[in-house]
Amino acid sequence: MRETPEELDELQALLDASLSRSTDHLRSIVAERTVTAEQLTRILVGMCTLALSTVTAKGEPRISGVDGHFLHGKWYFGTARSAAKARHLAARPAASVAHMRGEELGVFTHGTVEILNPEDGEPAADWPDLLAYFKDFYGDHTEWEKDVFYYRLRPHWMTVYAPDAAKLITK
C-alpha cells in the first residue's frame, strides 16, 4: 500500500460521495457489496488490466485495454505516443476506466487525465518517483520517455462492486 493517510481519506470520501450520487439501481447492487478505501488499495496491487474509454472528435466512443496501476488513490496507465487513444486524450481528457475480475470485482471510475511526461513540457512533479515505480515493475527500458505517454486519471466518480472483499485482499 503506497497511500498516505490523507490519500486514503480522500479516496474514502470519493467512494462515499460517488455512491451517494449514484442511481437507486446502482446503489441497490453495490451498497452492501463494496469496500473501504483501505481495502481497495490492498486489492488493486500491481498491474490491473483496464478497459479505457475515450471519445473521438466525432463524439464516438472508443474502448481499449491498458495496463493500469492504482497508486495514491488514482489510476495510472500508459500508451504509445502514436496511439489513437493518446490523440483522443490530448483533445478530450475526460475518460472512464473499468477493472473487472469476473463476478468478484468491478471498479468503475470516471475522471480527467493528465499527461505525466508531456512531449513539449515539464513532467509532473512526481514523475521521477512514478518512472522509478514503472521501471521497477516493467524493467528499465531506455526509450521510456520517447515511446510512451503516461497518464494519471484524476477521478471525480468511483464505485466498487466486491461481494467478498476478503477473498480479494492481498496480504
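Guide: Begin with a term. A residue is called buried when its relative accessible area is under 20%, exposed when it is over 50%, and partly exposed in between. Keep in mind that this is a predicted model.

Visitor: Is Leu 71 buried or exposed?

Guide: Leu 71 has a relative accessibility of 4%, so it counts as buried. Leu 71 belongs to strand S2, which covers residues 61-71.

Visitor: Which residues does Leu 71 touch, leaving out those up to four places away in sequence?

Guide: A contact here needs heavy atoms within 4.5 Å. On that basis Leu 71 touches Arg 2, Glu 3, Tyr 76, Leu 130 and Tyr 133. For a pair described by distance instead, take Leu 71 and Gly 106: they are 35 residues apart in sequence, and their C-alpha atoms are 17 Å apart.

Visitor: What should I look for in backbone angles?

Guide: Most residues other than glycine have a negative phi. His 72 has a positive phi of about 55 degrees, although it is not a glycine. His 72 sits in the loop between S2 and strand S3 (74-80). With a relative accessibility of 26%, His 72 counts as partly exposed.

Visitor: Is Pro 128 buried or exposed?

Guide: Pro 128 has a relative accessible area of 53%, so it is exposed. Pro 128 lies in helix H5, residues 127-138. Between Pro 128 and Asn 117 there are 9.7 Å from C-alpha to C-alpha, and the two are eleven residues apart in sequence.

Visitor: Now the whole chain. How many helices and strands does it have?

Guide: The chain has seven helices and six strands. Read from the N terminus, the order is α-α-α-β-β-β-α-β-β-α-α-β-α.

Visitor: How does the radius of gyration of the chain compare with that of a compact globule?

Guide: For 171 residues, a compact globule would have a radius of gyration near 16 Å, and the chain agrees with this at 16 Å. Along the principal axes, its C-alpha atoms fill a box of roughly 45 × 40 × 30 Å. Of the 171 residues, 43% are buried.

Visitor: What do the contacts say about sequence separation?

Guide: Take the contacts between residues at least 6 apart in sequence: 70% of them join residues at least 24 apart.

Visitor: And the surface and the charges?

Guide: The chain exposes about 9200 Å², with carbon and sulfur atoms supplying 53% of that area.

Visitor: Which residues does UniProt list for a domain?

Guide: An unreviewed UniProt entry lists residues 49-123 as "domain: Pyridoxamine 5'-phosphate oxidase N-terminal". Over residues 49-123 the chain is 59% strand and 11% helix, and the end C-alpha atoms are 25 Å apart.

Conventions: Residues are numbered from 1 along each chain as its sequence is written. This is a predicted model: local features need pLDDT of at least 70, side-chain atom pairs count only at pLDDT 80 or more; totals for chains, interfaces and linings use all residues. Side-chain values use heavy atoms; hydrogens and water are left out. Helices (H or I, at least four residues) and strands (E, at least two) are DSSP runs, numbered from the N terminus. The radius of gyration is taken over C-alpha atoms; the globule rule is 2.2 Å times the number of residues to the power 0.38. Buried means under 20% relative accessible area, exposed over 50%, partly exposed in between (1.4 Å probe, protein chains only). Accessible areas come from the Shrake-Rupley method with a 1.4 Å probe; for residues, only the protein chains shown count as cover. UniProt positions are given in the numbering used here, feature names are shortened, and annotations may be inferred rather than shown by experiment.
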